[in-house]
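User: I have this one open in the viewer and would like to go through a few parts of it with you.

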Amino acid sequence: MAARILARYQSASGAKPLPSRGTIRLRLQSLPGRPSATGSIEIDWSPYRYRETVTSAGLTTIRGLESGKAYFTDEDGVTRVASEPILRELETRSYFWRRAWLFDDRDNSLVSLGPADDATASVVLRSAKGNPLTLRFSRRDGSLAAVSAPRFELAFRSPDAFEDRSDPDKPFLGTIAWTGLPTGEIPHAEVGGGRARFAPEPSPAVWTRVGGALTVPARIGGLDVRLAVDAAADGPLRLSPALAARLPLRFIDDAFGRRVATGATLDVASESFPSLAATIRDGLPGGADAEAGGCLYREAAVEFEPAGRTLTLHDPAGWAPPERYYRVVIDDDGDRPVAILHHGSREIRLAEGSDSRAAALLVAESAAARAGLAGAKTATGMSWGPQDLPPLSMETARGFDPEWGDDGRMGWDALAPFHFFVDMPRRWTYFKPLGDK
């Protein structure tokens with residue numbers, strides 16, 4: 001039956017799998033009710049390579065696959081190798097846009113029937129590399145109505161037009177403007193492009209806690225501000241509306257519903273950035289004037305010392321890992337340091353050092369159930385690498401995407417018993433319980 005649904009779509013639409021090398025160009029537009037703005041996405045592929053280049057309001061991000069790895073170039077032009085969730089997401093996107101699901105063998109994917117209703121029927125394709133992909137088709141005419149996978153959600157309005165809600169914070173309207181053979185070679189990804197400038201000797205900043213947020217003194221555009229440091233704050237530097245109004249920056253609307261600008265300067269601890277992308281964001285944690293995460297972690301070894309309440313940013317080029325500290329691997333979910341905790345043999349992936357409200361851990365309900373913590377208010381029996389963790393208060397919350405790999409937040413209370421360094425440039429966290437010598 002699943003094969004018949006795909007065959008009907010192929011017959012009705014005339015669609016065929018695309019060649020081994022190709023390009024798709026999409027036009028982007030903001031959703032109705034938002035300030036009008038446009039953008040573009042160029043999707044390129046060739047054997048063993050895939051690349052998405054997204055541009056709007058003068059900012060560009062790039063994500064791609066090369067040599068079996070995923071890479072990500074953020075709004076500031078810094079490129080890093082990305083973690084497994086991004087790799088699987090991009091494999092799924094590549095599979096869909098290349099129309100590999102229309103090959104006779106479905107490109108070696110397993111095919112089954114998916115959910116159905118009065119208006120639609122669906123097919124689920126499971127590949128070895130990507131996430132399960134659900135294609136929903138109209139019962140009336142066999143057309144493609146929707147596409148669904150972790151962090152990949154399209155609702156088609158016509159064969160060439162769709163609404164994209166893959167990222168709930170950045171929805172947009174897309175139109176397939178052109179499909180054809182590539183116009184050139186896909187550029188090779190090169191890790192680097194950092195913006196940070198370090199002082200010869202690092203100096204600490206004293207942090208304070210406001211609710212679940214951690215803030216430090218900083219300067220943005222020459223103004224003294226309170227900066228919230230949060231591992232989940234990827235993307236551009238986030239500014240409160242009040243601070244943005246005081247800065248000589250030109251903010252414009254992008255196709256994703258954001259107000260963005262370039263050229264923001266940031267000084268925090270011993271690190272400075274002469275030019276960063278910035279966006280306006282309401283409701284920053286702890287009443288802060290601004291919030292940052294990715295721009296700090298992607299380039300510095302970030303030290304948190306709870307006893308002295310200090311944050312120090314070390315230049316990785318001259319910083320040596322400390323002795324007699326535990327070392328555990330961290331993931332990089334697109335400029336976000338992610339800790340991997342274990343409850344027995346089951347793991348849970350949490351942004352490492354984030355506003356988790358009143359709890360030590362803030363976890364998606366389904367992720368808590370998967371980890372054997374369903375309904376628990378206290379997480380006991382948790383471990384972080386070789387270190388057993390004390391009982392931690394836990395709340396469940398929405399807004400995460402466990403199917404993709406975002407299980408929630410590891411708050412500052414969970415990290416308070418440790419002196420630790422987050423070395424995301426080399427994908428390690430070093431930590432030692434307070435009091436250990």
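User: How does the span of helix H1 compare with what its 12 residues should give?
Analyst: In this predicted model, helix H1 covers residues 2-13 and should span 16 Å at 1.5 Å a residue, and its end C-alpha atoms are 17 Å apart, which agrees. The expected span is 1.5 Å times one less than the number of residues, and helices (H or I, at least four residues) and strands (E, at least two) are DSSP runs numbered from the N terminus.

User: Which residues of H1 are buried?
Analyst: Ala 2, Ile 5, Leu 6 and Tyr 9 are buried. Seen down the axis of H1, the buried residues fall within an arc of 95°, so they line one face of the helix; the arc is that of the directions from the helix axis to the C-beta atoms. On the other side of H1, Arg 4 and Ser 11 are exposed. Buried means under 20% relative accessible area, exposed over 50%, and partly exposed in between (1.4 Å probe, protein chains only).

User: What covers that buried face?
Analyst: The cover over the buried residues of H1 includes strands E7 (110-113), E8 (120-126), E9 (133-138) and E10 (144-149). Just after H1, Gly 14 takes a positive phi of about 75°.

User: Switching topic, where does Pro 35 lie?
Analyst: Pro 35 lies in the loop between strand E1 (22-29) and strand E2 (38-46), and is partly exposed with a relative accessible area of 47%. Leaving aside neighbours within four places in sequence, Pro 35 is in contact (heavy atoms within 4.5 Å) with Ser 30 and Asp 253.

User: And the six-stranded open sheet, what is its order?
Analyst: The order is E15-E25-E24-E36-E37-E26, with antiparallel pairing, where two strands pair if DSSP finds at least two bridges between them. The edge strands, E15 (205-206) and E26 (326-329), each pair on one side only. Within the sheet, E36 (residues 418-423) and E37 (residues 428-433) pair over six bridges, and Phe 418 stands opposite Pro 433 in E37.

User: How many residues are in the largest nonpolar core?
Analyst: That core has 69 residues, and those with the most contacts inside it include Leu 239, Phe 304 and Trp 384. Apart from it lies another core of 44 residues, among them Leu 87 and Phe 152. A nonpolar core here is a set of buried Ala, Val, Leu, Ile, Met, Phe, Trp, Tyr and Cys residues joined through side-chain atoms within 4.5 Å.

User: What cut-offs apply to the model itself?
Analyst: Local features need pLDDT of at least 70 and side-chain atom pairs count only at pLDDT 80 or more, while totals for chains, interfaces and linings use all residues. Residues are numbered from 1 along each chain as its sequence is written, and side-chain values use heavy atoms, with hydrogens and water left out.
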